[in-house]
Amino acid sequence: MSPLPTPASQEPSPIARTKSPCRTCQWCFGSCRPTPEMSILVMSWTASGRPSWLCRWMSLMAAPGEKVDRKASSNPDLHLNRATLHKYEENYGEALEGFSQAAALDPAWPEPRQREQQLMEFLTRLTSLLESKGKTKPKKLQSMLGSLRPAHLGPCGDGRYQSATGQKVTLECKPLSSLQPGVNSGAVVLGKVVFSLTAEEKVPFTFGLVDSDGPCYAVMVYNVVQSWGVLIGDSVAIPEPNLRHHQIQHKGKNYSFSSVRVETPLLLVVNGKPQNSSSQATATVASRPQCE
């Protein structure tokens, strides 16, 4: 049986197309001193319709430049593009602010306001489901948790997990409540699925995970095929979980929750079984005319 891939070996998740991404690239070229690598980067974005790792970095470089380029700071495309990047990085507060700013700069453009509303609705539904543990009745939840077994850890529990160093190691099973922000090396969590939630763009696939220790955490899975998912009652193990605590305030709304980011379903063990390659979305390339 092949070992599970490690988080360090995974490719970044796809980024949704925006109204005119190359406008952002053009502005960055004017403020960040372009290099040959950045030239290749812009060609990659306009050819495929999605930014690469470097393109994400270049768009985020826009932040300090805005302070010296007033024209760029008034560009709604720039704010929408960067907000989209923040969303897929799970910087939800920054994403909401960016969508709101883009909408304010171009009131006739409906997309920024729609994106902002969709994200707020997603966060509202998510926090409600997390607080109620998927509205699962206590007796049923107790029964679900009582069925958890060490065998559900699969290769994460018998020394077959391959760490970032390439060595096969035995992970320590820890409760969700003991995780620290960031990647928890050498640890694995095991819990039961109590709900699933799909965003408007179908990315990420999100579900609620509960263990015997009590809390319900969101699990955000990227790079999945549309047919992949987990069911309520499934046992899911996550090696070296990447934890983040979210505290978001936007337009009078407060969202507070914890999430585990999973770059690919290949990292998950569901009901004791590693996921095969058919569960992971493959890269696609699309062409379109280069914008002005």
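## Buried aromatic rings

Buried means under 20% relative accessible area. In this predicted model, Tyr-92 and Phe-257 are both buried, so defined.

A pair of aromatic rings is described by the distance of the centres and the angle of the planes. For Tyr-92 and Phe-257, the centres are 6.4 Å apart and the planes make an angle of 40 degrees, a tilted pair. Where do these two residues lie? Tyr-92 belongs to helix α7 (residues 92–105) and Phe-257 to strand β10 (residues 253–262), so the pair ties together parts that are 165 residues apart in sequence.

## An aromatic cluster

The count of aromatic pairs comes to 3. One of the tilted pairs joins Phe-205 and Phe-207, at 6.4 Å centre to centre and with 50 degrees between the planes. Both Phe-205 and Phe-207 are buried. Together with Trp-228, Phe-205 and Phe-207 make up one aromatic cluster.

## Two helices side by side

Now for a look at a pair of helices. Two packed helices are described by the angle between their axes and the distance between the axes. Helix α6 (residues 76–88) and helix α8 (residues 110–131) have axes that come within 11 Å and cross at roughly 20 degrees. Because angles under 35 degrees count as roughly parallel, α6 is roughly parallel to α8. Their crossing is left-handed.

Which residues make the contact? From α6 come Leu-80, Thr-84 and Lys-87, while α8 brings Glu-111, Pro-112, Arg-115 and Leu-119. Sorted by class, the contact of α6 with α8 holds 3 nonpolar, 1 polar and 3 charged residues.

Terms used
Residues are numbered from 1 along each chain as its sequence is written. This is a predicted model: local features need pLDDT of at least 70, side-chain atom pairs count only at pLDDT 80 or more; totals for chains, interfaces and linings use all residues. Side-chain values use heavy atoms; hydrogens and water are left out. Axes are lines fitted to C-alpha atoms, for helices over the stretch in contact, and angles run from 0 to 180 degrees between N-to-C directions. Helices (H or I, at least four residues) and strands (E, at least two) are DSSP runs, numbered from the N terminus. Angles under 35 degrees count as roughly parallel, over 145 as roughly antiparallel, 65 to 115 as roughly perpendicular and the rest as oblique. A crossing is left-handed if the near helix is turned anticlockwise from the far one by less than a right angle, and right-handed if clockwise. Contact means heavy atoms within 4.5 Å. Ala, Val, Leu, Ile, Met, Phe, Trp, Tyr, Cys and Pro count as nonpolar, Asp, Glu, Lys and Arg as charged, and the others, Gly among them, as polar. Rings of Phe, Tyr and Trp (its six-membered ring) pair if their centres lie within 6.5 Å; planes under 30 degrees apart count as stacked, over 60 as edge-to-face and the rest as tilted. Buried means under 20% relative accessible area, exposed over 50%, partly exposed in between (1.4 Å probe, protein chains only).
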